[in-house]
Amino acid sequence: MKRVTALALALFTVLALFCGCSAKSDEELIKDRINSFMKAYNSGDMDGVSDSLCSETRAATKAIFSMAEAMGGMLGMDGVSLSDLFSLGVAIAGDDVLDVAIGNIDITDEENATVDTTLSLSYGDLVEKTDYSISFVMVKEDDDWFIKNMIQK
């Protein structure tokens, strides 16, 4: 009887620990997505940047990249990937190219949000740091938030 009681108590404790852990809020998920976008951008990881986009924007971006690479092939530039050029550009810049300071997060409904940010771009010694007021338009897909668009204010 003592074993059954001890087992039931252990099971209850484990369940209480798992149930007590709350899921991330929408604001936390949005901040995480923008930060993962920034980290991927700064590491020259075009796949990571693409993974931060909603399915519609990701598909459009991939189509644009494919068309541009096909046009490059017609111009005799076979084997030149825009993704590789992006990585090279970030590597040449040196330090972090992109910094995003997240401001107001306006969740308009269950699937849409707008995030006001100050986006700073710098290219090492090549170009002076420039700040932009950018709104990230976010959409919720599969219980997570993704970037649909970025609009300069």
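The structure is a predicted model, in which local features need pLDDT of at least 70 and side-chain atom pairs count only at pLDDT 80 or more, while totals for chains, interfaces and linings use all residues. Residues are numbered from 1 along each chain as its sequence is written, and side-chain values use heavy atoms, with hydrogens and water left out. Helices (H or I, at least four residues) and strands (E, at least two) are DSSP runs, numbered from the N terminus.

- Phe86 counts as buried because its relative accessibility is 18%, whereas Ile92 counts as exposed, at 55%. Buried means under 20% relative accessible area, exposed over 50%, and partly exposed in between (1.4 Å probe, protein chains only).
- Beyond its neighbours within four places in sequence, Phe86 is in contact (heavy atoms within 4.5 Å) with Tyr41, Gly44, Asp45, Met46 and Val49.
- Phe86 and Ser43 are separated by 43 residues in sequence and by 9.9 Å between C-alpha atoms.
- Ile92 contributes, with Leu85 and Leu88, to a nonpolar surface patch of about 290 Å². Patches are made of residues with over 30% relative accessible area and no salt bridge; like charges are joined within 9 Å, and nonpolar side chains (Val, Leu, Ile, Met, Phe, Trp, Tyr) within 5 Å. A salt bridge is a side-chain nitrogen of Lys or Arg within 4 Å of a carboxyl oxygen of Asp or Glu. Accessible areas come from the Shrake-Rupley method with a 1.4 Å probe; for residues, only the protein chains shown count as cover.

**Strand pairing**

- Strands S1 (residues 98-109) and S2 (residues 112-123) are antiparallel and pair over 9 bridges; two strands pair if DSSP finds at least two bridges between them.
- A hairpin of 2 residues connects S1 to S2, and Asp109 stands opposite Asn112 in S2.
- Strands S3 (residues 127-141) and S4 (residues 144-152) run antiparallel and are joined by 8 bridges; Phe136 has Met150 in S4 as its bridge partner.
- The hairpin formed by S3 and S4 has 2 residues between the strands, and Asp142 in its turn has a positive phi of about 50 degrees.

**Ser120**

- Ser120 belongs to strand S2 and, at 9% relative accessibility, counts as buried.
- The side chains of Ser120 and Asp131 make a polar contact of 2.5 Å. A polar contact is a pair of N or O atoms within 3.5 Å; within protein, one must be able to donate a hydrogen and the other to accept it, and residues adjacent in sequence count only if both atoms are side-chain atoms.
- Leaving aside neighbours within four places in sequence, Ser120 is in contact with Val97, Leu98, Asp99, Lys129, Thr130 and Asp131.
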